[in-house]
Amino acid sequence: MSLSRRHFLTLSAAAAGSVALGRYLWPASSAIEPVARRVSRDGLLDVTFTAARSRLSFGRQSLAGLTYNGRAPGEVLELKPGDTLRLTLDNQLGEDTNLHYHGLHIPPTGRADDVFRHIHPGESYTYEFQIPADHPATLAYYHPHVHGRVAKQVFGGLGGAIVVRGAIDEIPEVRSAREEIVFLKDFGGDFERSPRGPEHLQGRQGDILTVNGRLGERWTLPQNGLLRLRLLNASAARFFQLKIEDHLLYLIGTDGGAIERPVEMETIALAPGERADILVKGDREPGTYRVLDRSPQTGRMGRMHGMGRMHGRGRNNEPTAIATIEYGEPVTPVGIPESLGTIDPLPEPETVHRIDLGHGMAPGGMVFLMNGKAFDGDRVDIRAPLGGVEDWEVANRGMTSHPFHIHTNPFQIVSRDGEAAPFRVWKDTVNINPGEVVRLRMRYDDFPGKTVYHCHVLDHEDAGMMGILEIEDRTRANKQRSSFTHKQT
Ligand code: C2O
Ligand code: CU
Ligand code: CU
């Protein structure tokens, strides 16, 4: 990457010593390294990641953590539909790990998105798959997925963003925008320490709120122009709720890609695993504006027993500045685009599955359950037909929020507590608050095999809140059966 304006701003800030932002004071040098990005060439992106223990530093604080190629987050991977990703993962963690490609519509089998595969310590394994030629443009998320170790490895620092380019990137207004990846993640304390007792409801959270692994990110918003923020909540358990001083946010995409028309918002909430694509308009007084987080309290317990305080930062519900936006040189005025694409509603479902989310106590501590059961890798919980359309009605019967996530196929949100969704979206992760019932609709497109669904508060997932979905190619079985019958007659 060449010496960009970002460097220039950073260097000039460094000359001034240090930058004060919110309650933090940090040396500007923490922001010098740009986001590392690997872009596919001639249809291929070939990368090697070494996962290892490392020392991470945030301003004056230093912590033990986990990295890919020495980085937390790992490099941004950028591909186009039809491209192949070949990723060799060299496991130097001293324990099992693997990779999941959260948000990519690829097979849950073979060398693609098989989370049942373990890569043992000292081993290296090569994932290789093609992004389908009709894959929507989106921001996806790679992270480890070995059941029982997910929260720890993600909280320690493993994960990164995947950008799939496509139609939305070609809309002239979107194209004109300055784009920034906003990989949101908390750090703090000993990442290996499991939550104890009722802490388990909150999951492991830290009070160092980072963007792209750093404190004090600064972005340039061209005066009269647009800034495009690609948000990804990569925390193991922490929820974010963001706003930008004096500016509205224009939502243009969610987990599964573009929505149909921009939606104006004042704040945006992101549960762990969720993504959002937003535009910010440079139509205010040129100056510097803070990006603020006010992490929401996530459950009945939070409200009842003040456990929201365990969040550390954001105590007394004071917002925390996580980045700043600085106005840049004026450009020819650009507006927010009118339309972004179309989302065809899925047909009526053939079946409705019901899932109750709950928790209980076991001799070893808290367990998190789906329909009263903890995860069992040898049990198939739901069988569904390849190509079929089904609804899932997911009810939160517990005391804390559960972001429900499913692999392989995205879903549309039909309703929340019986109320129709306000606009159409493709998502793969949706937050469900205590007492709520969310109805999702999905089509099991293209890929048969065993896949999983789970809560994306990763401590809940590790403590049982996951199930197995097997997508079956029944047409093939039927064809075999009918040709057999034919021979018989
Ligand atoms: Cu991002 Cu199964 O997870
Ligand atoms: Cu996933
Ligand atoms: Cu949960």
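Arg441 has its place in strand S31, residues 437–443; strands here are DSSP runs of E with at least two residues, helices are runs of H or I with at least four, and both are numbered from the N terminus. The model is a predicted one, in which local features need pLDDT of at least 70 and side-chain atom pairs count only at pLDDT 80 or more, while totals for chains, interfaces and linings use all residues. Residues are numbered from 1 along each chain as its sequence is written, chains are lettered from A and ligands numbered from 1 in the order in which they are written, and side-chain values use heavy atoms, with hydrogens and water left out.

To return to Arg441: at 11% relative accessibility, this residue counts as buried. The term buried means under 20% relative accessible area, exposed means over 50%, and partly exposed lies in between, with a 1.4 Å probe and protein chains only. What does the side chain of Arg441 make a polar contact with? The partner is the side chain of Asp391, at 2.6 Å. A polar contact is a pair of N or O atoms within 3.5 Å; within protein, one must be able to donate a hydrogen and the other to accept it, and residues adjacent in sequence count only if both atoms are side-chain atoms. Leaving aside residues up to four places away in sequence, Arg441 touches, among others, Leu346, Pro347, Val389, Asp391, Phe411 and Val414. Contact means heavy atoms within 4.5 Å.

Strand S31 belongs to an open sheet of six strands, in the order S24-S23-S26-S31-S28-S29, with mixed pairing. Two strands pair if DSSP finds at least two bridges between them. The edges are strand S24 (365–370) and strand S29 (419–420), each of which pairs on one side only. Within this sheet, strand S23 (residues 351–362) and strand S26 (residues 389–396) run in the parallel sense over seven bridges. Arg354 has Glu393 in S26 as its bridge partner.

A second pairing involves strand S7 (residues 84–92) and strand S9, which pair in the antiparallel sense over seven bridges. Arg86 stands opposite Glu128 in S9. In a regular strand the side chains alternate between the two faces of the sheet. Strand S9 (residues 124–130) has a covered face made of Tyr125, Tyr127 and Phe129, and an uncovered face made of Ser124, Thr126, Glu128 and Gln130.

I turn now to the metal sites. Which residues coordinate the copper ion that is ligand 3? They are His402 through ND1, Cys455 through SG and His460 through ND1, at 1.9 to 2.1 Å. Donors are N, O and S atoms within 2.8 Å of the metal, or 3.2 Å for Na, K and Ca; water is not among the atoms, so sites may look incomplete. The donor residues of this copper ion are spaced H-x52-C-x4-H in sequence. Both Cys455 and His460 are buried.

The copper ion that is ligand 2 is coordinated by His100 (NE2) and His405 (NE2), at 1.8 to 1.9 Å. His100 lies in strand S8 (residues 100–102) and His405 in strand S27 (residues 402–406), so this pair ties together parts that are 305 residues apart in sequence. His100 and His405 are both buried.

Next, the charged pairs. How many salt bridges does a search of the whole structure find? The search finds 38, a salt bridge being a side-chain nitrogen of Lys or Arg within 4 Å of a carboxyl oxygen of Asp or Glu. One of them joins Asp255 and Lys427, whose closest N and O atoms are 3.1 Å apart. Asp255 sits in the loop between strand S17 (249–254) and strand S18 (257–265), and Lys427 in the loop between S29 and strand S30 (429–432); the pair thus links distant parts of the chain, 172 residues apart. Asp255 and Lys427 are both buried.

Another salt bridge connects Arg379 with Asp381, the closest N and O atoms being 2.7 Å apart. Arg379 is partly exposed at 21% relative accessibility, and Asp381 is partly exposed at 28%. A network of salt bridges links Arg37, Glu78, Arg165, Asp169, Glu179, Arg228, Arg230 and Asp277.

Finally, the protein as a whole. Its secondary structure comes to six helices and 33 strands, and 57% of its 489 residues count as buried. Of the contacts with a separation of 6 or more, 77% are between residues 24 or more positions apart.
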